[in-house]
Structure formats: C-alpha cells, structure tokens
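Please look at the sequence and the model side by side while reading this report. It takes up a pocket, a cavity, a helix and a few single residues in turn.

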Amino acid sequence: MKRILSTSLMLALLAGCQSGPTREATAADRDEASADPVQEAAATPRGEAEPPADFATWLDGFRRQARAEGITEATLARALDGVRYRPRVIELDRSQPEFVRPIWQYLDSAVSAQRVTTGRERLAEHRDTARRMEQRYGVPAEVVVAIWGIESNYGGNFGDFSTLEALATLAYDGRRRDFARGELLAALRIIDAGDIAPGSMIGSWAGAMGHTQFIPSSFEAYAVDGDGDGRRDIWNSIPDVMASTANYLARAGWQPGQPWGVEVQLPAGFDHAQTELSTRRASDAWHAQGVRPVGGGTLPDFDQASVIAPAGARGPAFLVGPNYRAILRYNNATSYALAVGTLASEIAGREGIVQGWPRDEQPLSRDQVREMQRSLNARGFDVGTPDGILGPNTRRGLRAYQESIGVTPDGFATVRLLERLER
C-alpha cells in the first residue's frame, strides 16, 4: 500500500482542526500562545492525577496486541513499564480555539526577524550537511531549515511529552483512539528497531516527535539515517533531521530546480473565483490574464499553477506550483505552506512578502462562521451544513453573495460582511 500520507493529515485526525495548521501547534503558534502547552506540561507536577481505574487493564490488552504483532518482550518492558495516563493530553485533545488567528498574525510569528536571523545562522552552521542533503534529495537547504524553524524553533521547542505516554493516553481516551493506537504500535516498532530509546522519544502532546515533528508512522515511512551511524535519530542528529525532512518533501513530489511560488500582482477585474488551489493552469495562461510578478520579471514556468489570495482582494496574491503543494503534504494549511516558503526565501536572502495585509479586518470566531453559513443558506446561497469551517463551499457561497451586493467576490469572510449579511 502506498504510504505518501502527510504528517499533517494524520495529525488532523487527532487535532481535529481544519482551519490553520493541522497539527497540534508549530513553534510559530506556541511562541505567541497565551498558554504554551509545552511550558504548561513542563510545569505540571509528575504526579498529576490518579489514572482511570481501567487504564492499566487497557494497557495490558494493548501489550497483548503489540506482542501478537511482533513487538519483542524486551521492547514492551522497556517502553510500556511505568507508562502513565496524562490528563493534560486529553485536555489539549479536546480543546478547540474559538478564534483562529488571521494569516498575517501567524506569519508575523512564523517569519519573524529573529527566526530569519537564526535560520541563517543554523544554515551556516550546518551548511555542508544541508548542501549534501540538497544534492541527494533535490530540496533546497533553506526550505529544510525553514521547516525546522517553524516546527520547533530550530530545536528549541519540540515538546517535552513522552510520545509513548501521549499516544497511550490518546489511544485509551482520545477522540481518535484507533489512529492513536496505530501510532503507538509504530512508536514501539521504532524502539524495537533500535533507532531511539524509549526515554528519549519526546515530542508534542499529539505524538509529533523531534526537531521537525514526525509522527511515528511518518518516521517509519520517511526518516533517514543521514549521519551513517545505523540509526534514524530526529531528536539528536541534525544530519538525520535534514535528510529525513528532505526525503519527506522529495517523496511528496518536490520538483528540483523550481521555486515554491512567487508573489504576484493581479489585474483589475480579476475573477477571484479562480483563487483556489483546485484551479490549476499553466503559467502562460495566468500571464495571459494579466497576472504579473511583484517587482517585475517573468512568472515561474509551471505546468500546473494556482493563484491564491489568502486574505482576499485586499491582501497579497501568489502564484504557486508543485513545490508549494509538496509543502502542503507536510502540513495541509495555506498559512503553514506560505510561512515555509516565505521563511525559506528570506533565509536565502531573497525578499519576503511585499504587499500589505488587511490588518484592520477582524477574524471570525467559529460561531460567527456558523452564523455566516446559516445566513448564506437562508438567503439561497447554499454552502451545506453549517460547521464553522471556511472551506471551498462556504467561499463559493460567499462569493455569490458578494457579487449580488456589488462588492469584489473574493470569498474572504470578514466581520463587516457578516454584519451586512445579517441585516
């Protein structure tokens, strides 16, 4: 069975969030969080709370399953003896933020001046390794370093939860128990193979591990021994981290020699209904519509390019190609992929995003998105069942409403539009 299944898609099953990065939280998220999950976990006393009475019974049953699937008795003892139920993991699993940060706030953190500076320092520090992996996998060194920076702030914050305890807790009591159970089995196979000791398998509450936040099944599929010591160690070996991350992107369809995309200027009267990743045309076709690179020059030569405008007609627009979609395989969020591409460009000394964002706009809460969806449905602009998620159907209905009232139909949801819709 083909295993090109993105880390982010699998973590979405745990995190359950379809708006914004689909894993628990990147370092960019945690930098500005009012309550940092990693710091809170570190401050929680080791005793925490008494585990549920039947957690031990569940764990015994899981041991039998793992034994039947070939995990050795020695690994089961090393990995599962003393594993605790972690209530904080369940709290985080069941929490849903009421507001999703606007993309410009996410980028302010993810592509901060300090993160760019540190990225350049890390690239210089590991230049030989980074270039070697670039030659081997075809993925530019600055892109790998950018993912490293956004996922864990270059190793400064990749979590301090025991992966085994986090996954055992989720498999026992989480919202996606079967998925977490499979990831726990994968973690045991990694230990059984000798890649990492149980006590060193550390990461986020959702089971993402190491410098670039692989979950166990992604580790099995894509992790690479980059330093030649016979082990794949994404916690302590930077060559392994860089090789594994580059291998992931290469397997996800990265095309060597192509950029991820370019910031573009859209012509007056541009049809914003085209600004969906599902709309793909050759660069020449976009050029024929008047799409031009910001700052001049020619568009990248893409066979399958999309134009995206994540903040609508008042914000920046981008022409993106196959490598942008490869980044999305790592984490299926527009904000994340744009952050990786922009951070990589700035680390390499190229210009960042030039056009301004509509910073005067207020983000919608999930309840407000549901209100908007209900109002659109009531006015005959069918968007499906109100779910609080700004997906393609909602954007399509919103564009139709915008067109009916004579404003630019860009599908960008704002508080002002909601207020007008409800009047």
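## The second largest pocket

How many nonpolar, polar and charged residues does the lining of the second largest pocket have? By class, this lining has 12 nonpolar, nine polar and four charged residues, where Ala, Val, Leu, Ile, Met, Phe, Trp, Tyr, Cys and Pro count as nonpolar, Asp, Glu, Lys and Arg as charged, and the others, Gly among them, as polar. The model is a predicted one, in which local features need pLDDT of at least 70 and side-chain atom pairs count only at pLDDT 80 or more, while totals for chains, interfaces and linings use all residues. Residues are numbered from 1 along each chain as its sequence is written, and side-chain values use heavy atoms, with hydrogens and water left out.

The second largest pocket holds about 450 Å³ of space, and of the 25 residues that line this pocket, Trp260, Gly261, Ser345, Arg350 and Glu351 are the closest to its centre. A pocket is found on a 1 Å grid over the protein atoms alone, as an open set of points with protein on both sides within 12 Å along at least five of seven lines, whereas a cavity is a set of points where a 1.4 Å probe fits but cannot get out; lining residues have an atom within 4 Å of a point. Grid points are joined across faces, edges and corners, and a volume is the space filled by probe spheres set on the points. Helix H17 (334–347) gives the largest share of the pocket lining, four residues, and H10, strand S3 (261–265) and H17 each supply at least two. Helices (H or I, at least four residues) and strands (E, at least two) are DSSP runs, numbered from the N terminus.

## The cavity

By the rule used here, the count comes to one cavity of 30 Å³ or more, and the largest cavity has a volume of about 40 Å³. The elements that give two or more residues to its lining are helix H9 (127–137), helix H10 (141–152) and helix H14 (238–251). The lining includes Ala130, Val144 and Met242, and its residues divide into nine nonpolar, no polar and one charged.

## Helix H4

Helix H4 covers residues 55–68, and at 1.5 Å a residue its 14 residues should span 20 Å, which agrees with the 20 Å between its end C-alpha atoms; the expected span is 1.5 Å times one less than the number of residues. Phe55, Trp58, Leu59, Phe62, Arg63 and Ala66 of H4 are buried, and they lie on the same side of H4 because they cover an arc of only 145° around the axis, taken from the directions from the helix axis to the C-beta atoms. Buried means under 20% relative accessible area, exposed over 50% and partly exposed in between (1.4 Å probe, protein chains only).

On the other side of H4, Thr57, Arg64 and Ala68 are exposed. The buried residues pack against helix H5 (73–80), helix H11 (163–173) and helix H12 (177–192), with contact meaning heavy atoms within 4.5 Å.

## Single residues

Most residues other than glycine have a negative phi. Asparagine 153, in the loop between H10 and strand S1 (161–162), has a positive phi near 55° and is partly exposed, with a relative accessible area of 30%. Glutamine 213 also has a positive phi near 55°, but glutamine 213 is buried, with a relative accessible area of 1%.

Tyrosine 336 lies in helix H17 and counts as buried at 0% relative accessibility. Tyrosine 336 and isoleucine 147 are 189 residues apart in sequence and 9.4 Å apart in space, C-alpha to C-alpha.
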